[in-house]
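Look at the chain as a whole before turning to its parts.

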Amino acid sequence: MISRLPYELLSSILEEAAYSNAQDIQHYTYGVDTTSTKGKVQRTLRGHVANDSLRWLSTDAIRQVNTQWHNWACQYALRDLYIRRWRGSERWTQSRKLDSIQGYPSKDVYYRDPYCSLRKTVALFTIHPSLASSVRRIFFDGFYGIETTAMIFQVLKFCDGLDSVALPWITLRYGSDDDWSNLLRRRDNGTALSSLELLAVDLKQSQIKDHARQIDKRPLDSFKVNFGHLRRIKLSGSSNLMPINDDDLVAISRTAQLQELHITGTTFVTTEGLLAISRASDNTLRVLEHSPLADDGFEHPNASSTDDGSHLCTEIVQCPHLRDLAISLPTICSGLFSEPSVEWVGDVQIRAAGVCGQSKGLEQSSNARQAFFNILSQARSLIQAQQKRHIDLNIEIFIDHFIFELSKKLVHADLSVGEILSGGSWPAMPVPSSKGPYGQTGQYGKDERAYQCIHEEEFLEGLRKGYISF
């Protein structure tokens with residue numbers, strides 16, 4: 001019988017069966033719409049059915065065979081959970097089929113609890129806690145209140161095999177020290193949470209002015225909250241209500257031993273918080289990303305050194321196991337590329353506003369420009385040193401609206417002003433670039449012109465003739 005097969009082989013067979021079943025399930029949700037047809041009702045496509053719902057539906061028949069298959073189906077279906085706040089409104093229409101709708105929908109909007117999915121998850125895991133043991137990754141989206149934060153931690157309390165969680169940033173304010181210590185502790189079964197993501201968004205003005213929301217339980221101040229078992233932290237997005245900042249990262253750094261740190265889309269975390277984490281995890285850190293790519297632009301911190309006098313560029317290279325690097329610094333110097341024993345590999349991106357030790361900008365000082373070209377030379381020496389060790393390294397430096405791709409000696413920028421000043425003679429053969437525009441936001445799709453790509457020698461020629469300012 002198939003149930004007598006080794007579990008690994010049985011699992012592969014059941015997974016193929018579940019995948020086949022999923023092909024026969026409706027992958028989209030539908031609704032009705034009257035806005036585009038002058039009152040006439042028509043069927044509209046709303047979106048994809050969530051992956052966790054598809055997995056649950058595809059294993060419906062498998063769960064009914066026997067206990068072993070039921071347990072496998074639960075583990076397969078509940079492995080990844082996506083719990084979202086419901087958005088929208090509903091009106092009833094007198095029809096049993098969407099493809100033959102008759103009449104018009106009623107004028108009354110029927111209320112639906114936007115937190116229904118979260119409430120039902122709490123109820124399900126309370127009645128059947130064994131189901132929660134199958135959850136390995138869980139994602140919460142759209143829950144920014146005190147009550148919903150409490151429900152989130154109720155759900156997490158049952159997930160004793162959880163490996164990765166994505167939470168709203170506000171849980172770091174509304175959650176208690178007991179909530180966080182329970183989430184981060186090593187469990188009785190020997191497992192512990194390894195990946196934590198905190199996702200931030202802007203709230204409505206009416207929400208941020210609500211005094212009931214102005215609560216910070218400060219769980220990070222408690223000695224019970226220990227981040228020592230985490231291997232990955234990702235902070236994404238910014239918020240207008242109690243955002244995550246440098247003080248939070250300093251508090252986390254007291255117990256953290258991370259392998260990966262990702263900070264993106266926020267201007268409230270600067271190099272101070274970044275270095276607090278990197279210093280605490282200097283012997284374990286392998287991935288470091290700091291990209292404050294905010295929609296409204298960002299300013300680099302002013303200081304190129306920390307409060308204790310340490311230089312930022314040399315601090316970065318003190319992490320011996322660091323491999324993947326994408327970082328924004330106030331200024332850079334040759335010291336960032338002076339250590340040939342670094343383990344950097346692949347694409348390394350460095351964003352900077354200027355050169356260390358230069359009070360004037362690149363456009364105003366020839367000394368600053370010369371220092372920057374020395375930095376490029378030092379970075380190329382590091383690339384060559386890595387090539388001798390059979391390590392493929394490509395360094396890109398973003399500075400003053402220019403992107404320098406060192407391994408290919410290419411420069412990406414908006415060269416339209418230079419074309420006008422040169423009467424169309426420079427640059428001779430520009431190539432469309434796929435790397436910009438970035439500007440001060442670091443994002444695509446802004447009001448800047450499309451970038452072009454030229455060789456460094458042609459860039460220097462344009463610089464000498466005054467076609468571009470740098």
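**From the whole chain to one residue**

The secondary structure of the protein chain comes to 16 helices and 16 strands. The model is a predicted one. The chain has 470 residues, and 47% of them count as buried.

Next, consider two helices. Helix 7 covers residues 146-158 and helix 9 covers residues 177-184; their axes come within 10 Å and cross at roughly 30 degrees. Angles under 35 degrees count as roughly parallel, and helix 7 and helix 9 are therefore roughly parallel to each other. Their crossing is left-handed. On the side of helix 7, the residues that meet helix 9 are Phe153, Leu156 and Lys157; helix 9 contributes Asp179, Trp180, Asn182 and Leu183. By type, the residues of this contact are four nonpolar, one polar and two charged.

Trp72 lies in helix 4, which spans residues 67-77. Is Trp72 buried or exposed? Its relative accessible area is 6%, and buried means under 20%, so Trp72 is buried. Leaving aside neighbours within four places in sequence, Trp72 is in contact with Tyr7, Ser11, Leu14, Glu15, Ala18, Thr59 and Ile62. One of these, Leu14, is 58 residues from Trp72 in sequence, while the C-alpha atoms of Trp72 and Leu14 are 8.4 Å apart in space.

Technical notes
Residues are numbered from 1 along each chain as its sequence is written. This is a predicted model: local features need pLDDT of at least 70, side-chain atom pairs count only at pLDDT 80 or more; totals for chains, interfaces and linings use all residues. Side-chain values use heavy atoms; hydrogens and water are left out. Helices (H or I, at least four residues) and strands (E, at least two) are DSSP runs, numbered from the N terminus. Buried means under 20% relative accessible area, exposed over 50%, partly exposed in between (1.4 Å probe, protein chains only). Axes are lines fitted to C-alpha atoms, for helices over the stretch in contact, and angles run from 0 to 180 degrees between N-to-C directions. Angles under 35 degrees count as roughly parallel, over 145 as roughly antiparallel, 65 to 115 as roughly perpendicular and the rest as oblique. A crossing is left-handed if the near helix is turned anticlockwise from the far one by less than a right angle, and right-handed if clockwise. Contact means heavy atoms within 4.5 Å. Ala, Val, Leu, Ile, Met, Phe, Trp, Tyr, Cys and Pro count as nonpolar, Asp, Glu, Lys and Arg as charged, and the others, Gly among them, as polar.
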